[in-house]
Amino acid sequence: MQSFRFIHTGDIHLDSPLKGLAGQQGAAAERIRTATRTAFETLVSQAIEDEIDFVVIAGDLYDGDWRDYQTGLFFVKQMGRLSQAKIPVFLLYGNHDAESQITRKLTLPTNVSVFPARKAETFRLPHLNVALHGQSFRQRDITDNLVPVYPSPVAGCFNIGVLHTGLGGMPGHANYAPCAIEDLINKGYDYWALAHVHQAAVLHERPHVVFCGNLQGRHIRESGPKGASLIAVEDGRVEEISPLHVDCVRWILLPVPVNECSTVADAVDRIGQAIEKAGERDAQGRLLACRIELTGQTGLHGELLASADHLLAEARAAALGLGDEVAWIERLIVATASPEAAASRKDALGDLQRIIESAGSDAELQARLATELSDLVRKLPHDIRADADDAVLKAAIDGNIANLIAHGGAYLSARLATEKV
């Protein structure tokens, strides 16, 4: 068999709206808005520069139906670049770009082969002795195991299975096209190019079962380096799998201990120092999208809670002070704790805290609140319910009324304490 190299990518989510941009202006915000396109364009450039033999896209190229034809035209343009370089592409549609999800269509360049949705099909690259097998999603919710209906391996070829799958229920992902890893291992293929799970992982070797991860992080739960996999095959065996980090925006959770701070101004200084160090350590030439979390036990707890908006503005100012596209602050969370229990106070604030604590164990009150909130929660858009990370909102969505009372009460006490001072 010949030696060759190919790129395994997926979960590209072209033009997916990135979160936290409402009201944000400037070069950093614009860079985040176009991040999925930039990452994909970089991947195509890398494939051309490295003279890759072919590219496999294992699903979720798109993020759902296009708003207009511009998303499709961008993809066609990138495929045209690969066509000029004589690089074939094998495309499988996943749950986000299933036939039922994408209503607009464009004719793709001849170098792009699309796996059909009606049944699994095999594409061949005779000059490399490669056979690729796959089936696109017809609709979003595929609940059948597709592996048994994939074709048998082609004798004398390096066989690649392309599959968009939840693999039996990976954490944080809907279990589409479920299967067991044993199904994949026993199929007889040499490499399984998987997508749907956004964390890159090699689950098995010889045969190789690989999730490539998503190409560009889009929110804080997709933090760290993102990209695709470059696979080198020699004499019919996978010799090396290398990450291709093509993300242009890198997400990071940035904890900032403030337990030794004596004033809010000290905390602001700590925030600025943490952002600067993160930019030097983690950005690697990319825009660093930060969520800042203030931590530690401090007498400033109430003041920090009440000053959250001001602290967020200070953090964004510190990021801008490093330059236009060094760091961008998505959110600032005050996760500190007070060194003394507010309920021990002998004033009105202590009375309030004791009332809040008793409310947390009042079953009748919690039942009334749950009833009143349920209609409001049902009216929330699906994306907000699915991705809520604000502690109070998440408690309301989850129906955890005790947590809702505790978090809401802590904020109320902090605001009142600050205003009293």
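This is a predicted model: local features need pLDDT of at least 70, side-chain atom pairs count only at pLDDT 80 or more; totals for chains, interfaces and linings use all residues.
Colleague: Take Phe-54 and Phe-90, then; how are their rings arranged?

Modeller: Their ring centres are 6.1 Å apart and the planes meet at 85°, so this pair is edge-to-face; the cut-off for that label is over 60 degrees.

Colleague: And where do Phe-54 and Phe-90 lie?

Modeller: Phe-54 belongs to strand E2, residues 54-57, while Phe-90 belongs to strand E3, residues 89-91, so the pair ties together parts that are 36 residues apart in sequence.

Colleague: Are those two, Phe-54 and Phe-90, buried or exposed?

Modeller: Both Phe-54 and Phe-90 are buried, and ring pairs also link them into a cluster with Phe-4, Phe-6, Phe-115, Phe-123, Phe-158 and Tyr-191.

Colleague: What about Tyr-62 and Phe-75, and what kind of aromatic pair do they form?

Modeller: Tyr-62 and Phe-75 form an edge-to-face pair, with 6.1 Å from centre to centre and 80° between the planes. Tyr-62 is in the loop between E2 and helix H3 (70-84), whereas Phe-75 is in helix H3 itself, and the two residues are 13 apart.

Colleague: Why do Tyr-62 and Phe-75 count as buried?

Modeller: Tyr-62 has a relative accessible area of 4% and Phe-75 has 0% relative accessibility, so each falls under the 20% cut-off for buried.

Colleague: Switching topic, which rings have Arg-104 and Lys-105 over them?

Modeller: Arg-104 lies over the face of Tyr-69, at 5.9 Å from the ring centre, and the charged end of Lys-105 sits over the ring of Tyr-93, 5.6 Å from its centre.

Colleague: Now the backbone: which residues does a cis peptide bond join?

Modeller: A cis bond joins Arg-206 and Pro-207, with omega at about 5°, and Pro-207 lies in the loop between strand E9 (201-204) and strand E10 (208-211). As background, most peptide bonds are trans, and most residues other than glycine have a negative phi.

Colleague: What is the phi of Arg-206, then?

Modeller: Phi of Arg-206 is near 50°, a positive value, and with a relative accessible area of 43% this residue is partly exposed.

Colleague: And what about the phi of His-13?

Modeller: His-13 has a positive phi too, near 55°; this residue is found in the loop between strand E1 (4-9) and helix H1 (27-33), and at 1% relative accessibility His-13 counts as buried.

How values were computed
Residues are numbered from 1 along each chain as its sequence is written. Side-chain values use heavy atoms; hydrogens and water are left out. Rings of Phe, Tyr and Trp (its six-membered ring) pair if their centres lie within 6.5 Å; planes under 30 degrees apart count as stacked, over 60 as edge-to-face and the rest as tilted. Helices (H or I, at least four residues) and strands (E, at least two) are DSSP runs, numbered from the N terminus. Buried means under 20% relative accessible area, exposed over 50%, partly exposed in between (1.4 Å probe, protein chains only). A charge sits over a ring if NZ of Lys or CZ of Arg is within 6 Å of the ring centre and within 35 degrees of the ring normal.
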